[in-house]
Amino acid sequence: MQPRNMSMSGVVDLAAVKAAQEAKAKAEQARAEAARQGGGGAISPADLVIDVDEAGFERDVLQRSTEVPVVIDFWAEWCEPCKQLSPLLERLTVEYNGRILLAKIDVDANQMLMQQFGIQGIPAVFAVVAGQALPLFQGAAGEAQIRQTLDQLVQVGEQRFGLTGLDVDPDAEPGGGAQAAPAEAVGPYDALLEAAVQALDSGDLAGAVQAYKNVLADDPTNPEATLGLAQAELLQRVRGLDPQQVRKDAAEKPGDAGAQIAAADLDLVGGHVEDAFGRLIDTVARTAGDDRNAVRVRLLELFEVVGADDPRVVAARRALARALF
């Protein structure tokens, strides 16, 4: 089976508004709790590779994914490609020195997990970031390809979810270190960012928008507030829309800027990132004046929701430039 590259789309698509903030908050709470209990904080390099079963999946994968991206290696003893891929993943995990954790799952002994992840063949490699599962690649893969994928995964974890990874001490005893990094100082905007998360939890989108704006008023480049504001405003715009009517209007009025903007918002909320970008770029090409500018501005706002480093944003920026010039 040939390796099949997968994108980071799952990180953006599902409830991204709360996930980034909640993941960061959980990671900070875990570090603080470990420090309170007097944990050493550091773990052994041997603890970066763990065997996981169905009973321990929530603790060992889902909970740990709020601290560090967890790579999942689905394998079996009879799988010959697995015997080449698994040792490579283990070696790279140790080299990444706490920026990722490798969870090895034997599919023969854990078929329910195999079904839940929709795996059709092995080896199959997934990741869980802040509780969200995403496919990485399937089949045997070369070291260069795997490194590129892991680099992207680490970047997503750090930039969108505040996952700082694990503290690794080569002299620590295996299994003897705490499973959390040392506590970090509380920043000046933590209270405002937490207020935004609480507002989202209660359905107060206007309150969340205002909380993020309060942070940006003092720190215009704050990445968490910038991302949170873009996402909260998106949810605020689509609240109350009739999806069926919006889709009908967009289909019947391809040159109507307002109709296409509303449909693009729904596309993005539904996880159809490339559809949203493509719709607005096509609309930019067929409109002019104020309409064209309104579409361009909305597209830039959606770029903020997805993240500037996302390859789909990079490609869409190039396409937008061609449409404009």
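Angles under 35 degrees count as roughly parallel, over 145 as roughly antiparallel, 65 to 115 as roughly perpendicular and the rest as oblique. This is a predicted model, in which local features need pLDDT of at least 70 and side-chain atom pairs count only at pLDDT 80 or more, whereas totals for chains, interfaces and linings use all residues. Residues are numbered from 1 along each chain as its sequence is written, and side-chain values use heavy atoms, with hydrogens and water left out.

Helix α11 spans residues 257-269 and packs against α12 at an angle of about 165°, their axes lying 7 Å apart (axes are lines fitted to C-alpha atoms, for helices over the stretch in contact, and angles run from 0 to 180 degrees between N-to-C directions). The two helices α11 and α12 are therefore roughly antiparallel to each other. Where they meet, A257, Q260, I261, A263, A264, D267 and L268 of α11 touch V273, D275, A276, R279, L280 and T283 of α12, contact meaning heavy atoms within 4.5 Å.

Helix α12, residues 273-286, also packs against helix α13, residues 289-306, at an angle of about 160° and with the axes 9 Å apart, so that α12 and α13 are roughly antiparallel to each other. On the α12 side this contact is made by V273, A276, F277, L280, I281, T283, V284 and A285, and on the α13 side by R292, V295, R296, R298, L299, L302, F303 and V306. By class, the contact of α12 with α13 has 12 nonpolar, one polar and three charged residues, where Ala, Val, Leu, Ile, Met, Phe, Trp, Tyr, Cys and Pro count as nonpolar, Asp, Glu, Lys and Arg as charged, and the others, Gly among them, as polar.

Terms used: Helices (H or I, at least four residues) and strands (E, at least two) are DSSP runs, numbered from the N terminus.
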